Amino acid sequence: MKKKENEQTPEEEIINQTEETSPETEETAPVDELAEMKEKYLRLYSDFENFRKRTAKEKIELIQTASERLIVDLLPVIDDYERALANAPEGEISEGTQLIFSKIGNILQSKGLKELPAKGEVFDAELHDCITQFPAPSEEEKGKVVEVVEKGYTLNEKVIRFAKVVVGN
């Protein structure tokens, strides 16, 4: 007797049934794959969030430091104007010129430029550059700034030029 092609022996039927209905192979493979894909997604999402935050921070720093070079280049011009103003005879510098200078000062302050306080302050190596030391006229002035040779400035809380000072000892 010949077997029909669709018919199986009882042993073959049992083997096929266990392969088809085995819960371990059918259910665990997709669950493991799903868990792996979920982990990859979370890692990718957190990497993207970190990248987004880092680039936003870098853009802000770039904008702040881009203006820093311009402001540092303008500081000697401001110093020269202040010296000219202090040494000019009365009425030689016009009111219009003084108005222009005050507008420049206001613009620089709005960009974050601040003058470092120096005269009468305790010498701080992180803010001041000591050019020389003189004997202090009194005990109270020892270790303090007696004279400011060149003003110091900060831009957005970062020192861009140290104050050059004379310290009493």
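**Group meeting: walking through a predicted model**

Tyr45 is partly exposed, with a relative accessible area of 45%. Terms first: buried means under 20% relative accessible area, exposed means over 50%, and partly exposed is in between, with a 1.4 Å probe and protein chains only.

Now the ground rules. This is a predicted model, where local features need pLDDT of at least 70, side-chain atom pairs count only at pLDDT 80 or more, and totals for chains, interfaces and linings use all residues. Residues are numbered from 1 along each chain as its sequence is written, and side-chain values use heavy atoms, with hydrogens and water left out.

Back to Tyr45. Tyr41 and Tyr45 both sit in helix α2, four residues apart, about one turn of the helix. By helices I mean DSSP runs of H or I with at least four residues; strands are runs of E with at least two, and both are numbered from the N terminus. Tyr41 is exposed, at 52% relative accessible area.

On to ring pairs. Rings of Phe, Tyr and Trp (for Trp, its six-membered ring) pair if their centres lie within 6.5 Å; planes under 30 degrees apart are stacked, over 60 edge-to-face, and the rest tilted. How many aromatic pairs does that rule give? It gives two. In one of them, the ring centres of Tyr41 and Tyr45 are 6.2 Å apart and the planes are at 25°, so the pair is stacked. Tyr81 and Phe101 also form a stacked pair, 4.1 Å centre to centre with 25° between the planes. Tyr81 lies in helix α2 and Phe101 in helix α3 (residues 95–110), so this pair ties together parts that are 20 residues apart in sequence. Tyr81 is buried, with a relative accessible area of 14%.

Next, the surface. Which residues make the nonpolar surface patch of about 350 Å²? They are Tyr41, Leu42 and Tyr45. Patch residues have over 30% relative accessible area and no salt bridge; like charges are joined within 9 Å, and nonpolar side chains (Val, Leu, Ile, Met, Phe, Trp, Tyr) within 5 Å. A salt bridge is a side-chain nitrogen of Lys or Arg within 4 Å of a carboxyl oxygen of Asp or Glu. Leu42 is found in helix α2, which covers residues 23–87. Leu42 is partly exposed, at 48%.

Now zoom out. The chain has three helices and six strands. From the N terminus on, the order is α-α-α-β-β-β-β-β-β. Of the 169 residues, 15% are buried. The accessible surface comes to about 13800 Å², and 56% of it belongs to carbon and sulfur atoms. Those areas come from the Shrake-Rupley method with a 1.4 Å probe; for residues, only the protein chains shown count as cover. Contact means heavy atoms within 4.5 Å. Of the contacts with a separation of 6 or more, 62% are between residues 24 or more positions apart.

Some individual residues. Glu68 lies in helix α2. Is Glu68 buried or exposed? Glu68 is buried, with a relative accessible area of 17%. Not counting residues up to four places away in sequence, Glu68 touches Leu155, Lys158 and Ile160.

Strand β2 next. His128 is found there, and at 4% relative accessibility it counts as buried. Beyond four places in sequence, His128 touches residues including Pro117, Phe123, Val145 and Phe162. The backbone oxygen of Pro117 lies 3.5 Å from a polar atom of the His128 side chain.

Gln133 is also in strand β2, residues 128–134. Gln133 counts as partly exposed, at 47% relative accessibility. Not counting residues up to four places away, Gln133 touches Val167 and Asn169. The Gln133 and Asn169 side chains make a polar contact at 3.1 Å. That term means a pair of N or O atoms within 3.5 Å; within protein, one must be able to donate a hydrogen and the other to accept it, and residues adjacent in sequence count only if both atoms are side-chain atoms.

Last stop, backbone angles. Most residues other than glycine have a negative phi. Asn156 has a positive phi, near 55°. Asn156 is in the loop between β4 (153–155) and β5 (158–161), and is partly exposed at 32%. Glu157 has a positive phi of about 70°, although it is not a glycine. Glu157 is found in the loop between β4 and β5. Glu157 is exposed, with a relative accessible area of 67%.
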